[in-house]
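Please read the numbered points below with the model in view.

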Amino acid sequence: MAVLVILSLILVRNLKVENPGRKQLLLEAGVEFLYNFFHGILGEEGKRYIPYLMTVVVYIGFANVCGIFGFTPPTKDLNVTAAMAVMSIVLIEYSGIHQKGIRGFAKSFIEPIPIMLPINVMEVFIRPTALCMRLFGNILGGFVVMELIEFVCPVLLPIPLSLYFDFFDGFIQAYVFVFLTSLFMKETME
């Protein structure tokens with residue numbers, strides 16, 4: 001978190017309205033890309049939740065990639081992924097309550113037919129478990145595979161595989177986590 005805070009302070013220094021520099025243009029393009037991505041999923045009614053989702057994708061992406069620098073990825077710890085899943089499910093349920101009201105939100109548990117109530121209630125508890133375990137399992141699996149590869153062949157083989165497991169897979173997992181969170185939010189708000 002300290003690295004992310006320091007990077008944020010460095011990147012947002014000396015921002016200009018007129019004649020922005022290359023760094024500012026790149027930063028604005030990244031923020032606009034993420035904003036448009038989430039706005040496309042959530043629409044106008046979910047606009048207020050986009051900053052949270054953007055923060056989560058940056059955090060998870062950075063946390064997954066920090067393994068390339070010799071650090072243990074925080075997302076390899078089940079407690080971190082569980083906390084993030086709980087925060088996401090609270091936001092998912094809050095978005096439904098905010099959009100529909102308490103009565104409409106409670107009524108959605110018996111839709112399309114009242115017999116669906118137990119399944120719809122179970123879904124509230126299954127979603128965070130699925131978010132948590134998917135992120136944790138994939139990051140832990142990639143970490144274990146990289147450790148085994150480094151043990152067997154420590155010289156050249158880990159370099160291209162590290163690019164896959166640390167960068168590509170790390171960013172894919174960040175994308176999947178926030179994509180599913182935003183889809184669950186959209187589903188709850190509808």
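1. A disulfide is taken here as a pair of cysteine sulfur atoms within 2.5 Å. The model under review is predicted, and a search of the whole structure returns zero disulfides. Cys132 accordingly takes part in none, and the nearest cysteine sulfur, belonging to Cys66, is 17 Å away.

2. The largest pocket holds about 1,100 Å³ of space. Its lining comprises 32 residues, and those nearest the centre of the pocket are Leu34, Met54, Val57, Val58 and Tyr59.

3. Which helix gives the most to the lining of the largest pocket? Helix H3 does, with ten residues. At least two lining residues come from each of helix H1 (2-11), helix H2 (22-42), helix H3 (50-65), helix H4 (78-107) and H6.

4. As to the class of residue, the lining of the largest pocket is made up of 27 nonpolar, four polar and one charged residues.

5. Helix H6 spans residues 158-189 and includes Thr181. Is Thr181 buried or exposed? Its relative accessible area is 1%, so Thr181 is buried. Leaving aside residues up to four places away in sequence, Thr181 touches Leu53, Ser88, Ile92 and Leu131.

Methods:
Residues numbered from 1 in each chain as written. Predicted model: local features only at pLDDT ≥ 70, side-chain atom pairs only at ≥ 80, totals over all residues. Heavy atoms only, no water. Helix = DSSP H or I, 4+ residues; strand = E, 2+ residues; numbered from the N terminus. Buried < 20%, exposed > 50% of the residue type's maximum accessible area, 1.4 Å probe, protein only. Contact = heavy atoms within 4.5 Å. 1 Å grid on protein atoms, 1.4 Å probe; cavity = no way out; pocket = protein on both sides within 12 Å on 5 of 7 lines; lining within 4 Å. Points joined across faces, edges and corners; volume = space filled by probe spheres on them. Nonpolar A, V, L, I, M, F, W, Y, C, P; charged D, E, K, R; others polar.
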